[in-house]
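Let's take a walk through this protein chain together. Have the sequence and the 3D view ready, and follow along from the overall fold to single residues.

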Amino acid sequence: MSLRQSPTQKAERRRGVFLTQQGLQKLRQAKVELGMEPSLKRYTLETLSEQTGLTPTTLSKIFTNSAPVDKRTVESCFMAFQLTLLPEDYLYAKSEQDYLKTLDFILENRGDRPSEIPTILSHQNTSLNRKMDLKPSSYILTLPGGQIPLNSGNYIDRPIVESRCYEAIQQPGSWINICASKQMGKTSLMTRILTYGQSQDYFTASVNLQETDGELLQLHQLKRFLIHFVTTIQHQLNFPQENSSNWQWNEHLGIKTNITSMFENLILTFCDRPLILAIDELTQLFENPPLANEFLLLLRTWSEQAKINSIWRKLRLVTVNSTERLRPTSLDPSLLNTGLVIELPEFSLLQIKDLAHRFEQEISEDKLIQLITLLGGHPYRLHLAFYHLRQETITLDNLLNNPDVALSIYSDHIQQQQWNLQRYPQLWEPFNILVQKTSSISCETEQGLQLQRLGLVRLQGNQASLTCELFRLFFHNYFTSVIEGN
């Protein structure tokens, strides 16, 4: 009898496990009994990592139940809490059905707090709505573009970044400001911070300012905008609306003082544990700098108050700032440098190799370097390349050697970059000079920083270079046509 395992059996062995409701509750209970409260720095992800030998990212996956983890790794985590991993504590991520059971568990485990289900659904709807797309694989790959679902293999961990965020969000009054250009993974990181918070039994709420009516984003509508903001959060948390009758607007006080009182009395008073408030698309306010100044000043006041006031200590803030919309000169720059500023980096070579492996692409290092030269380390551009390669709609040689293929695949992405650049004519000339050169050039500091925020150049000191050769392929012809047209 042959003892050789079939490829299917080997693949199944490599798949990780998820904790069942019983397993996760057992782990959480042990955590509470050991005094692992968020306020105790002794039990941070880093210190627990030292005790268990597991990385902070792996520990986060176990506690959030957001991705399969090797069974032996989970056993090690249980042993650190003097627990034994029993068969009923976990299930294997063998199939679509198993994964959906896990997603169902994440919702069911909030059964004692049905008010949070709308919030969870709002951040996991991509996972739930794509049930038909799930494949029996260690990683569930999703279409490139937009927020990356929690169950997607497209998401590549940035361990240092995520560890810092998970550590910071445990601190009263913390403010995490995630900054990067478009499609770098800002909202995906925000969602994972919220999911981590849920694993710690925190309340979570999120507001996307892109969904706010434009008429409210005016300074003369400050009162209406802020009332809308607080009411949106109250509705998400499903706190009783009748509570509103217990609080009245005081006409003798200013707008921000009233809103602070409203937030405290209608939201924080009813939170018996920490609340993570996430605000996406913060740059929607940049069209009206006076409004942006007032709102950011209010957030900073709340963050500071949370460090000294027992009720406000429950609050933690996460904001997402798209850098391709340049900050208005009339906006106080210090307001966006408060708290922990996370500037998302491009993927490293190791991360790109990991992503290629997930898309089942075996690429030599030489070819991978060529691909990075063409696309840079930008997550979306790489996701799209590997997606097309896996679908066999293109070959790697065609992508690397045929400009028409590259420009066709990335036409929408490049047009977005073109539109962003057209908003800032003062940057055309320095960027055109860079496009015409094949090496880095010295660039004026402010212009270089602005082009870097747009995601078009990479700075090293005062030396600027294109983030990817793809931009040279397009913008060389674009600037030529603009010059000839004039």
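**A walk through the fold**

Start with contacts (heavy atoms within 4.5 Å): among those in the chain between residues at least 6 apart in sequence, 73% join residues at least 24 apart. Before going on, know that this is a predicted model, where local features need pLDDT of at least 70 and side-chain atom pairs count only at pLDDT 80 or more, while totals for chains, interfaces and linings use all residues. Residues are numbered from 1 along each chain as its sequence is written, and side-chain values use heavy atoms, with hydrogens and water left out.

The chain has 21 helices and 10 strands; these are DSSP runs numbered from the N terminus, with at least four residues (H or I) for a helix and at least two (E) for a strand. Of its 486 residues, 53% count as buried, meaning under 20% relative accessible area with a 1.4 Å probe, protein chains only.

Now for the sheet. Five strands form an open sheet in the order β4-β5-β6-β3-β7, with parallel pairing; two strands pair if DSSP finds at least two bridges between them. β4 (203-208) and β7 (340-343) are at the edges with a single partner strand each, so one side of each has no neighbour in the sheet. Further in, β3 (residues 175-180) and β6 (residues 315-322) pair in the parallel sense over six bridges. One of the residues to look for is Trp175, whose bridge partner in β6 is Leu317.

What about the nonpolar cores, that is, sets of buried Ala, Val, Leu, Ile, Met, Phe, Trp, Tyr and Cys residues joined through side-chain atoms within 4.5 Å? The largest has 48 residues, and Phe386 and Phe431 touch the most other members. Helix α15 (residues 379-391) gives the largest share of this core, six residues. Leaving aside neighbours within four places in sequence, Phe431 is in contact with residues including Leu421, Leu451 and Phe479. A second, separate core of 44 residues includes Leu275 and Ala306.

Leu451 also turns up in helix α20 (residues 445-453), whose buried residues are Gly448, Gln450 and Leu451. Seen down the axis of α20, they fall within an arc of 165° (taken from the directions from the helix axis to the C-beta atoms), so they line one face of the helix. Their cover includes α18 (411-422), α19 (428-436) and β9 (457-460). After α20 comes Gly455, with a positive phi near 85°.

Methods. Buried < 20%, exposed > 50% of the residue type's maximum accessible area, 1.4 Å probe, protein only.
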